[in-house]
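Here's a quick briefing to read with the model open beside you. Have a look at the fold first, then work through the notes below.

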Amino acid sequence: TTYAEWSIDYLKYDNCFNLGVDVHTRYQRMHDALNQTGHPIYFSLCEWGYKDPATWAREVGNSWRTTSDIKPTWDSIMK
């Protein structure tokens, strides 16, 4: 509820330091917690596309990252 109390309307939730929690479980828990606040919060998932979020993230988030970090090189962009 703290996010809602602060009127936060966007959360980018990284999968860094996940302590071994399965990515699906981790994002579902945050999705459920955000929804329980009753305050609309845009939920952006960031797990760098490792677990193919295009196939499941729609159920828990509003947007998701599909690639690793992009660097200022064509090779990085074309991956």
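Start with helix H2 (residues 23–36), which lies across S1 and S2 and runs at about 160 degrees to S1. For that angle, axes are lines fitted to C-alpha atoms, for helices over the stretch in contact, and angles go from 0 to 180 degrees between N-to-C directions. Helices (H or I, at least four residues) and strands (E, at least two) are DSSP runs, numbered from the N terminus.

Bear in mind that this is a predicted model, where local features need pLDDT of at least 70 and side-chain atom pairs count only at pLDDT 80 or more, while totals for chains, interfaces and linings use all residues. Residues are numbered from 1 along each chain as its sequence is written, and side-chain values use heavy atoms, with hydrogens and water left out.

**Overall picture**

- The protein has 3 helices and 3 strands, and along the sequence they follow the pattern α-β-α-β-β-α.
- The C-alpha trace spans about 45 × 25 × 25 Å along its principal axes.
- Of the 79 residues, 29% count as buried (under 20% relative accessible area; exposed is over 50%, partly exposed in between, with a 1.4 Å probe and protein chains only).
- Contacts here mean heavy atoms within 4.5 Å; among those between residues at least 6 apart in sequence, 40% join residues at least 24 apart.

- The 3 strands make an open sheet in the order S1-S2-S3, with parallel pairing (two strands pair if DSSP finds at least two bridges between them).
- Strand S1 (10–14) and strand S3 (63–64) are the edge strands, each pairing on one side only.
- S1 and strand S2 (residues 42–46) run parallel and are joined by 5 bridges; leucine 11 has phenylalanine 43 in S2 as its bridge partner.

**Core and aromatics**

- The largest nonpolar core has 12 residues, including Leu11, Tyr13, Tyr27, Phe43 and Trp56 (such a core is a set of buried Ala, Val, Leu, Ile, Met, Phe, Trp, Tyr and Cys residues joined through side-chain atoms within 4.5 Å).
- S1, H2 and S2 are the elements that give two or more residues to this core, and H2 gives the most, with 4 residues.
- Leaving aside residues up to four places away in sequence, phenylalanine 43 touches Leu11, Tyr13, Tyr27, Met30, His31, Leu34, Val60, Gly61, Asn62 and Ser63.
- Tyr13, Tyr27, Phe43 and Trp56 form one aromatic cluster, and the whole structure holds 6 aromatic pairs (rings of Phe, Tyr and Trp, the last by its six-membered ring, pair if their centres lie within 6.5 Å; planes under 30 degrees apart are stacked, over 60 edge-to-face and the rest tilted).

**Loops worth a click**

- Most residues other than glycine have a negative phi.
- Serine 7, in the loop between helix H1 (2–5) and S1, has a positive phi of about 60 degrees although it is not a glycine.
- Phenylalanine 17, in the loop between S1 and H2, also has a positive phi, near 50 degrees.
- Is phenylalanine 17 buried or exposed? Phenylalanine 17 counts as exposed because its relative accessibility is 79%.
- Serine 68 sits in the loop between S3 and helix H3 (74–78) and is partly exposed, with a relative accessible area of 37%.
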